[in-house]
Amino acid sequence: NMKFRLQKAFEQKNLALILKNAAEIGHYIADAHVPLHTTQNYNGQLTNQYGIHGLWESRLVELEASQYNYWIGQASYLPSVQKAIWQAIAASHAALDSVFQFEKSCSAQIKASEKYSFEQRGNAMTKVYSKKFCQAYHTKLNGMVERRMRAAILMVSSVWYTAWVDAGQPDLNALKMNANMMQA
């Protein structure tokens, strides 16, 4: 149980373990908020939509993230972290049909020659979904990517907060001072 490991790290006031466990929790909770992570067809390989995972999770975010509102408010205590995580997975899975249907719809409306473009990435020229295609898909998704990101941010912060509360709300100011001394 990752939340329990983070709680123990808080109890021990072990900065390295707090950071390690908090990062792992953040990664897995963020993944649980991606609809494509809830299906065997995670990259569209079963529906001839290969690459949809990177489109939804990376390319749309790369192009649209500056427009998102990341202010989610205050974290809250979760009486059952496990229940909250399963609810997040269910909400992600419920969005899955739209993820696939809207990509197919956009693919039908945009010429194949306009679906992809090439961009310089470091030293390589890389094939990517075109901005035109991404804008059309993002519009059809009607804020889904931002909503899932906001939900992930809130859940990550709430799980961290819950672990800290369950650890007895230890004063972490000393850890901050020790971290500053380690950097000097």
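Once neighbours within four places in sequence are set aside, H138 is in contact with L60, E64, Y68 and G143. The structure is a predicted model, and within it H138 belongs to helix α7. With a relative accessible area of 14%, H138 falls under the 20% limit and is therefore buried.

The largest nonpolar core holds 22 residues, and the members that touch the most others are L36, L55, W56 and Y137. Two or more residues of this core come from each of α3 (52-64), α5 (96-109), α7 (131-141) and α8 (144-166), and α3 contributes the most, with 5 residues. Apart from this core lies another, of 17 residues, which includes I18, I25, I29 and V159.

L55 has contacts with L60, E103, Y129, F133, C134 and Y137 when its neighbours within four places in sequence are left aside.

The packing of α3 against α5 can be described in more detail. The two helices, α3 and α5, pack at an angle of about 105°, and their axes are 11 Å apart.

| Helix | Residues in the α3 and α5 contact |
|---|---|
| α3 | I52, L55 and W56 |
| α5 | V99, F100 and E103 |

How values were computed: Residues are numbered from 1 along each chain as its sequence is written. This is a predicted model: local features need pLDDT of at least 70, side-chain atom pairs count only at pLDDT 80 or more; totals for chains, interfaces and linings use all residues. Side-chain values use heavy atoms; hydrogens and water are left out. A nonpolar core is a set of buried Ala, Val, Leu, Ile, Met, Phe, Trp, Tyr and Cys residues joined through side-chain atoms within 4.5 Å. Buried means under 20% relative accessible area, exposed over 50%, partly exposed in between (1.4 Å probe, protein chains only). Helices (H or I, at least four residues) and strands (E, at least two) are DSSP runs, numbered from the N terminus. Contact means heavy atoms within 4.5 Å. Axes are lines fitted to C-alpha atoms, for helices over the stretch in contact, and angles run from 0 to 180 degrees between N-to-C directions.
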